[in-house]
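Student: Could you show me how to read strand pairing and chain contacts here? I would like to begin with a bridge.

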Amino acid sequence: MKENMKSRAVKLFGIFLGAMLIMTIVSRMIVTQKMPVVTTTGIKSESIAHRVEVGGTIEAEKQTPVFIAEGLRVSEVFVKQGSKIGKGAHLLRLDEDYLASVTADAEKELEEFMEKGDAYADGDRTPVFTESGLRVSQICVKKGDSVYAGQPLIRLDTDYLYRKISDMEGELDSQRLTRDGMYEAEDSRSADALSKQIDEKQRELDRYNSIWDNGGTVYSSCGGVVTDILIKAGDITMEQAVALVSSSPELSGEAERLRRRIDALKKAAEHMGYINSPAGGIITEAALRAGDLTADGAAFIISDESSGKVFTGIVPDEEVEYLKVGDKVSISAGGNARAKDQKISLMTRKGGDGCRIEVPVESDDIKLGDMAELVTTKLSDERYDCLPFETVTAEGDKGKVFYITESEGFLGKEYTVHSASCRIKEETGNMYALTDLGLTPETIIVRTSSKKLAEGMKVRPE
Amino acid sequence: MRKKAEGLPLYIIMAVLCTAVLFPVILAVILPFQAHTELKDTLSPLVNFTGKYSRIDLLPQYPSAENFKELLVYSPEFYRVFWNSLLMVGGILLFQTLVAVPAAWAFARAEFKGRRLLFNIYVIFMLMPFQVTMLSQYLVLDGMGLMNRRLAVILPAVFSAFPVFLIYRGFADIPRDVADSARIDGANEWQVLRYIGLPLGKSGILACVVISFLDLWNMVEQPLTFLRDKALYPLSLYLPTLGADRGELLLASAAVTLIPAVFVFVIGQEELERGIIASALKE
Amino acid sequence: MINRYAIKRKYRYLPFLLPSAAGVAVFTFLPFADSVRRSFCTAVTGDLVGVNNYKAVFGNEAFGLAVKNTAVFTAVCIPLLIGISFFIAYGLSRVKHIRLIKSVLLFPMAVPTAALVLIWQILFGDSGWINHIITSHGHGAVSFLGSSKAFWVLVGSYIWKNLGYTVLLWLTGIMGVSTSVIDAAKVDGANERQVLFRIILPELKPALYTITIISFLNSFKVFREAYLVAGAYPHKSIYLLQHLFNNWFVNMDLDKMAAAAVVVFSVIFAAAVLLQRVWDRKEV
């Protein structure tokens, strides 16, 4: 019985071992079946190539505005926005008659102003004096005249002067007599006092005589412009200045304005009312139409093509970081017109959104006025972890990747899957550029998997 | 006539004793058949002590084989270590026997000067715990380039002194004349061993095999020291790598580990007893 | 002719012995001799440093602890085992149907240690089942594995494992006492106790000797349980020599290991020889 039991036990043991053997294979097969098969890739560290495209137009480096005196009537306009013109071309024609009347009005206005108002700005004015007590017979100059030093300004009444001088002489004689008498009467004090008077009167007389000698004229003491005449014909001169002369006269603002306006009007009249273009190029702005009255601002703005072509555009805020002055970009304007490696010359913040950018363009194919596009690819300075699209499950700007760690297991090398999260910065080429990935560069990333993956699963890499 | 005891009190004591002795084993067999939910009460306090102690359902409410399924179907690594164990133990047993039988025969039959001394050396080294010779064995194995290979475990065990000792006991009982007469009849020593020694000493050899198997199926220190790759571990080392946090798997694999041992025990119990007795009677 | 015969006889067995002896020499004996050499040198450079390593070993606190523990353990568990198993064997000798009981008692020997590790933890762990029973009766939880009680747990597991064959050995010895002698004594009026003490026990001396030796041998194996259940650095009451060796090995303190190995070897050697002398003398 024992032998039977023993031999049965031996047989059972054999069966047990056999079963284990079979299960070995079976379990391996089952587990292998359940194990996802994955393909892997590594993390590439690359700069993001960011493509920037900005639209804009080709303009001339220099914009020439054309101003016309305001208040004139336009009879004809020959150009419009976008017209291409050469230097000296007719832009518009003014109504000549209207112009003439406006000019006349202006001149009159100036005259009147000069007469009345304060035509001269405050400045250095030299006063001209003459002996007081004489009658003015004639004023030779008027306000605003240019005079030279020594030019007669006022003529005095000579008859009046003569009579004055005679009277003075008579008075002097009698005063002298009186004095002599005083000396004789030993009244030296009174005599001295009187002497003084006499001397003074004598001086005055001398002065009057000198005036008589040079014909009773008051001369300007300096060259300049007569800014004020302070006396009229027929008045008696007084102590104060009779005229003011300014060697560096400045017209008061108002007078100046009037003067300039008259100049402009005269200029406009030069070319029979035609306003011609000062430069060749393209009209970028034409503000006037036939029948309008000219106004204050520029009537035309001409892109001066000889000054060079410039691409201008507005760079939106989010792209601004990729461009900076000095970068080489490529400008292309429809068709095959393309200029490569043009340098950005200017970037300024325009109040509001974006930034104005200017890129001088040297190309024969690209013309003024073309709509153009600035294209450039900028490599970021930083290198980002980049992974192909298929490795990352993206949700908005967050992404999840799976990676594999190797370990020594009982069956040899085992590969376990872990998940890691990251943020997607942007797409570059056919990869995502990621930040916050937190994995070492040698980490093996899962690319494709035959089954859904979860953290901690064991997998088989292909 | 020996008085047989009235028995009952003694029987009861024995019964209690046996139950107490078997209790851990019963647990080891029952627990794996419990479902995860029940095992949670038992195992989770070990992992995460939150004031609740381990509770054991002696009779599972929902017996299930899910732990075994988990182990036997979904853990191919278990088979790896199982066959590792079997391979190593089987290899050791085979060569151990091949080496020890002749040596034991020589000890039992020969009479040469150094015999006693050599035998005593064997016995002395048999007595030493592994750790004493651990270092020196490591150096030798390392020098041979066998570290981290199964041979590092197999070879020293093959040349162990213990089987020689046990089998020697088995041979020592054979009367000298039997063997001598055979040789006079013209047999050489190998034939004497083969035709006389082996049959007569069979029980000793089997006892040695059984005892060695039970010891080797269990071995922990040698593989722990000499093997590094987990892929080479025997079953006895795989079990400790599962902690209480994978307790279900551990219980199931422990139960499976028991099975070969039980088989061997059942098959070889008689020889085992005989061998134990034989090794005791004479010294 | 006889001489030649005799000579031939001596060398005849050589090939029998050679494989085993060679293997033992290569894997056990010679390396150990090398260890002895190493115990006098440093680990790294190999210079001769005399007894420095020994001094280091003896001065090492861990070594002292391990030695104490191992010695205490041996001194406690072997007598305990012998005593308990004797009582059981004696009891069994009076009973029928011992086959099953023998199998049961023998069975723990077959159980792989590793298989039961979790069970021990479930039972004896700090949050284990026994604590559960204790606390549900109102007492405080006992830390079996983390306190000096770990020592007794280990002793318990040792006895559990080795009870089987020890009982077996005793039983064989007891059964081997010829019944005729016992019957004769009984007729002479001896009672149970006297039969036990005067007749049976003396006959058991050889069994005792073997049991002691094998128990001693197996007491070292308990390291396996301790290591698997409590780790490489267990509670200090169960920190055994093997723990120390293991940790030294992991740290590559080869010189200390060599010295300690030599020390341990010498101790065991001395003990074995002593025991043998005592027994031989007694037997004679």
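Tutor: In S11(A), A:Val225 is the bridge partner of A:Ser146. This is a predicted model, where local features need pLDDT of at least 70, side-chain atom pairs count only at pLDDT 80 or more, and totals for chains, interfaces and linings use all residues. Residues are numbered from 1 along each chain as its sequence is written, with chains lettered from A and ligands numbered from 1 in the order in which they are written.

Student: How many bridges join S8 to S11 in chain A?

Tutor: Strands pair if DSSP finds at least two bridges between them; strands (E, at least two residues) and helices (H or I, at least four) are DSSP runs, numbered from the N terminus. Here, S8 (residues 146–147) and S11 (residues 224–229) of chain A run antiparallel, with two bridges.

Student: Which residue stands opposite A:Ile229?

Tutor: A:Ala243, in S12(A). S12 (residues 243–246) pairs with S11(A) over four bridges, again in the antiparallel sense. Chain A has 26 strands and six helices in its secondary structure.

Student: How many residues of chain B are in contact with chain C?

Tutor: Contact requires C-beta atoms, placed from the backbone, to lie within 7 Å. On that basis, 80 residues of chain B meet 78 residues of chain C. Helix H13 (residues 247–281) of chain B gives the largest share of chain B's side, 16 residues.

Student: And within chain A, what share of contacts between residues at least 6 apart in sequence join residues at least 24 apart?

Tutor: That share is 74%.

Key. Two residues are in contact if their C-beta atoms, placed from the backbone, lie within 7 Å.
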